[in-house]
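Here is a short briefing on one protein chain. Look at the sequence and the 3D view first, then work through the points below.

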Amino acid sequence: MGFMKEFKEFALRGNVIDMAVGVIIGGAFSNIVSSAVNDLFMPVLGIFTNGINFSELYISLDGKHYDTLADAKAASAPVFAYGSFIQNVIQFVILALIIFLFIKAINKATEKLKKPEEEAAPTTKTCPFCKSEIAIDATRCPHCTSQLPDYDPQ
């Protein structure tokens, strides 16, 4: 019975649930970025690279020539599909950039909503004689032993 109670406490802990929500949203967000890379970015990049389709770039390791990567895979030929790797690297960079911009926008919005903190009252002052930093309520400087001008011994 102790194991179940301990597991329940672990599973219902706030940070575990937050992490689970983050993983689920991250998975969905990854699909959106994959679509943006494959359907939007890569075709535009293809225009600038004279129509190169990165996902079709491969080297056949059996020495035979295949017209497409799909043909090579259908023939069960060993292939070095470096184009897919390039596309995944581009996808990662775009995902990282989008997350960076998203977090930056959230931080900026949070900063605007945050109440401005009041400045703390100063706790030190400078001795006018030796220029040492001393306590704000000091009547004599502990460094040069001068009596401070704002001291009123009444």
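Which residues line the largest pocket? They are Gly22, Ile25, Gly26, Phe29, Leu95, Ile99 and Phe102. Keep in mind that this is a predicted model, where local features need pLDDT of at least 70, side-chain atom pairs count only at pLDDT 80 or more, and totals for chains, interfaces and linings use all residues. Residues are numbered from 1 along each chain as its sequence is written, and side-chain values use heavy atoms, with hydrogens and water left out.

**The largest pocket**

- The largest pocket has a volume of about 150 Å³.
- A pocket is an open set of points on a 1 Å grid over the protein atoms alone, where a 1.4 Å probe fits, with protein on both sides within 12 Å along at least five of seven lines.
- Lining residues have an atom within 4 Å of a point.
- Grid points are joined across faces, edges and corners, and the volume is the space filled by probe spheres set on the points.
- Helix H2 (14-48) and helix H4 (82-113) are the elements that give two or more residues to the lining of the largest pocket.
- H2 gives the most to this lining, with four residues.
- Helices (H or I, at least four residues) and strands (E, at least two) are DSSP runs, numbered from the N terminus.
- The lining of the largest pocket has five nonpolar residues, two polar and no charged.
- Here Ala, Val, Leu, Ile, Met, Phe, Trp, Tyr, Cys and Pro count as nonpolar, Asp, Glu, Lys and Arg as charged, and the others, Gly among them, as polar.

- Phe3, Met4, Phe7 and Phe10 form a nonpolar patch on the surface.
- Together these four have about 480 Å² of accessible area, by the Shrake-Rupley method with a 1.4 Å probe and, for residues, only the protein chains shown as cover.
- Such a patch joins nonpolar side chains (Val, Leu, Ile, Met, Phe, Trp, Tyr) within 5 Å, from residues with over 30% relative accessible area and no salt bridge.
- A salt bridge is a side-chain nitrogen of Lys or Arg within 4 Å of a carboxyl oxygen of Asp or Glu.
- Phenylalanine 7 sits in helix H1 (residues 2-11).
- Is phenylalanine 7 buried, partly exposed or exposed? Its relative accessible area is 46%, so it is partly exposed.
- Buried means under 20% relative accessible area, exposed over 50%, and partly exposed in between (1.4 Å probe, protein chains only).
- Alanine 11 also belongs to helix H1, and alanine 11 is partly exposed because its relative accessible area is 26%.
- Between alanine 11 and glutamate 117, 106 residues apart along the chain, the C-alpha atoms are separated by 36 Å.

**Positive phi in loops**

- Serine 76 has a phi near 55 degrees, a positive value in a residue other than glycine.
- Serine 76 lies in the loop between helix H3 (69-74) and strand E2 (79-80), and its 64% relative accessibility makes it exposed.
- Lysine 131 is not a glycine, yet its phi is positive, at about 65 degrees.
- The loop between strand E3 (124-126) and strand E4 (133-135) holds lysine 131, which is exposed at 60% relative accessible area.

**Buried serines and a chain-end histidine**

- Serine 34, in helix H2, is buried because its relative accessible area is 18%.
- Serine 146 is in the segment after E4 and counts as buried at 19%.
- The C-alpha atoms of serine 146 and cysteine 127 are separated by 8.5 Å, and these residues are 19 apart along the chain.
- Histidine 143 is in the segment after E4, and histidine 143 is exposed at 53% relative accessibility.

Technical notes
Patches are made of residues with over 30% relative accessible area and no salt bridge: like charges are joined within 9 Å, nonpolar side chains (Val, Leu, Ile, Met, Phe, Trp, Tyr) within 5 Å.
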